[in-house]
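Please look over the fold below before reading on.

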Amino acid sequence: MSEHLHAALRDELAALGAEVSAETLTPPLRGLMLHALADDAGEMLLTAQNKSAAAMGIAALMGDFNPVKDLYQTEVRALCDWRSKKVRAWMHGQAPSPTPDTEEAGAEDAILRILLEDGGHVDDCVAAGYAPQSAQRIAGRIAVAKARKGPTVPGLRLKAATA
């Protein structure tokens with residue numbers, strides 16, 4: 001990202017009395033640049049915020065369409081793993097190894113399903129075997145995200161198929 005662009009925006013915001021770091025400016029500027037490039041090319045800008053991230057208020061760059069909007073993070077990861085296996089013969093190098101946060105992501109998604117889809121509460125998550133601290137933390141993040149939720153990017157309504 002151009003340091004000149006950061007400096008210009010920082011100076012303009014400072015004139016208004018706001019102190020903004022480069023870390024705060026970078027994601028929106030990247031989104032603005034991607035939107036400009038997509039518009040110039042006459043294309044749509046895809047975003048990839050999964051259902052888990054959206055429910056807990058984890059921001060994603062805005063786009064014109066979100067193909068994974070209705071999938072939890074573990075479902076997106078499984079879809080990526082499936083796709084990677086299907087094209088592995090064409091790719092060079094070894095398959096990526098699982099990340100250490102896979103188990104944590106699975107627990108988060110299970111808690112989110114209890115709270116969002118089943119209409120459950122923290123006690124229901126604990127009864128299902130999840131740590132009270134984790135269930136309370138996720139329930140708190142959902143509450144904060146709901147309070148500040150704005151417009152979302154359109155996306156597909158999907159139902160995960162189980163084998």
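Helix α1 (residues 3–15) and helix α2 (residues 22–41) have axes that come within 11 Å and cross at roughly 115°, where axes are lines fitted to C-alpha atoms, for helices over the stretch in contact, and angles run from 0 to 180 degrees between N-to-C directions. This is a predicted model, in which local features need pLDDT of at least 70 and side-chain atom pairs count only at pLDDT 80 or more, while totals for chains, interfaces and linings use all residues. Residues are numbered from 1 along each chain as its sequence is written, and side-chain values use heavy atoms, with hydrogens and water left out.

**α1 against α2**

- The contact (heavy atoms within 4.5 Å) is made by Leu5, His6, Leu9, Arg10 and Leu13 of α1 together with Ala22, Leu25, Thr26 and Leu29 of α2.

**α5 against α7**

- The axes of helix α5 (residues 102–117) and helix α7 (residues 132–147) come within 10 Å and cross at roughly 60°, which makes α5 oblique to α7.
- On the α5 side, Glu108, Ile111, Leu112, Leu115 and Leu116 meet Ser134, Ala135, Arg137, Ile138, Ala139 and Ile142 of α7.

- Leucine 112, leaving aside its neighbours within four places in sequence, is in contact with Ser52, Ala55, Met56, Tyr72, Glu117, Ile138 and Ile142.

**The chain as a whole**

- The secondary structure comes to 7 helices and 0 strands, these being DSSP runs numbered from the N terminus (helices are H or I with at least four residues, strands E with at least two).
- Buried residues (under 20% relative accessible area, with exposed over 50% and partly exposed in between, for a 1.4 Å probe and protein chains only) make up 25% of the 163 residues in the chain.
- Of the contacts in the chain with a separation of 6 or more, 49% are between residues 24 or more positions apart.

Terms used. Parallel < 35°, antiparallel > 145°, perpendicular 65-115°, else oblique.
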